[in-house]
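Dear colleague,

I am handing over the structure below, followed by some notes on what was found in it. Please read the notes with the structure open beside them.

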Amino acid sequence: MVSTRRFWLASLLGLTLALGPLPARSADAPVVVFAAASLKNALDEATAAWGKETGKTAKMSYAGSNALAKQIESGAPADLFLSADLAWMDYAQKAGTIRPDTRVDLLRNAIVLIAPKDSSATLDLKPGVDLDRVLGDGRLAMGNVDAVPAGKYGKAALTALGAWDAVKDKVAQAENVRAALLLVARGEAPLGIVYASDAISDPSVKVIAAFPVDSHPPIVYPIARMKDSANEDAAGLLTWLRSPAARPFFEKQGFSVVGSEKKS
């Protein structure tokens with residue numbers, strides 16, 4: 001218990017250093033957004049446009065959805081949470097840290113197999129695929145398969161295709177999907193599983209195959225306002241992110257916009 005407490009205190013300290021001095025939770029403070037790492041490019045551009053339009057500001061904190069949900073539960077001040085899967089938003093809701101009536105499914109994504117841009121690897125991701133042969137002595141970069149959404153989706157897909165058992169001992173598990181992307185971009189791993197949006201964001205990698213959509217659970221990004229948020233600009237930003245004005249920023253990075261239906 002003591003070690004667990006020390007771990008989360010250290011995590012919160014690291015978050016504070018990453019964000020800089022955290023604003024007070026007041027109506028005139030920047031909107032603090034905790035968002036899945038895969039959203040960085042799209043959300044940076046979208047919130048910048050929102051700020052230009054409204055004169056408001058947002059502070060962004062990106063990490064694995066699992067880490068963010070735990071940090072929020074431990075008291076890290078956030079106004080909005082945008083998760084890369086339903087499970088970690090469910091976790092936040094069960095923990096009582098979000099306002100359920102503000103929760104909506106915002107975006108969809110896909111997972112793909114990537115390689116460094118100069119790779120000659122080719123593969124057809126179908127049942128019985130021999131991924132182990134293509135990997136050779138190399139590693140398969142993925143988000144943590146037990147916690148990071150992209151890692152969980154990737155494991156589910158490989159299991160459905162009958163490839164997991166052959167490669168599970170060659171997986172390089174990263175703390176979030178962008179860290180997995182970086183391993184491939186640097187040539188430290190010959191293959192990686194990331195979101196389609198991540199592959200678009202980095203010209204150092206290329207997509208060699210897309211996973212069948214029925215090989216894993218649907219990839220849905222829900223968003224919600226935090227229960228303790230006192231910043232009314234958070235409601236405005238959430239509404240704007242669901243509006244047609246925000247759509248181009250997400251679609252440019254490979255996301256599709258679900259719409260505004262509320263999660264029951």
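Helix H6 (residues 149-160) has twelve residues, and at 1.5 Å a residue it should span 16 Å, which agrees with the 16 Å between its end C-alpha atoms; the expected span is 1.5 Å times one less than the number of residues. Helices (H or I, at least four residues) and strands (E, at least two) are DSSP runs, numbered from the N terminus. This is a predicted model, in which local features need pLDDT of at least 70 and side-chain atom pairs count only at pLDDT 80 or more, while totals for chains, interfaces and linings use all residues. Residues are numbered from 1 along each chain as its sequence is written, and side-chain values use heavy atoms, with hydrogens and water left out.

The buried residues of H6 are Pro 149, Ala 150, Gly 151, Tyr 153, Gly 154, Ala 157 and Leu 158, where buried means under 20% relative accessible area, exposed over 50% and partly exposed in between (1.4 Å probe, protein chains only). Just after H6, Gly 162 takes a positive phi of about 75°.

Leu 158 is also one of the residues with the most contacts inside the largest nonpolar core, which has 68 residues; Leu 113 and Phe 250 are others in that group. A nonpolar core is a set of buried Ala, Val, Leu, Ile, Met, Phe, Trp, Tyr and Cys residues joined through side-chain atoms within 4.5 Å. Apart from this core lies another, of 15 residues, among them Val 32, Leu 68, Ala 92 and Met 226.

Leaving aside neighbours within four places in sequence, Phe 250 is in contact (heavy atoms within 4.5 Å) with residues including Leu 39, Leu 106, Leu 241 and Val 257. Ala 209, in strand E9 (residues 205-210), counts as buried because its relative accessibility is 9%. Not counting residues up to four places away in sequence, Ala 209 touches Val 112, Leu 113, Leu 123 and Leu 125.

Six strands form an open sheet of mixed pairing, in the order E2-E1-E3-E10-E4-E11, where two strands pair if DSSP finds at least two bridges between them. Strand E2 (58-63) and strand E11 (256-257) stand at the edges, each with a single partner strand, so one side of each is left without a neighbour in the sheet. Strand E4 (residues 104-108) and strand E10 (residues 220-225) run antiparallel and are joined by four bridges, with Arg 108 opposite Val 220 in E10.

Best regards
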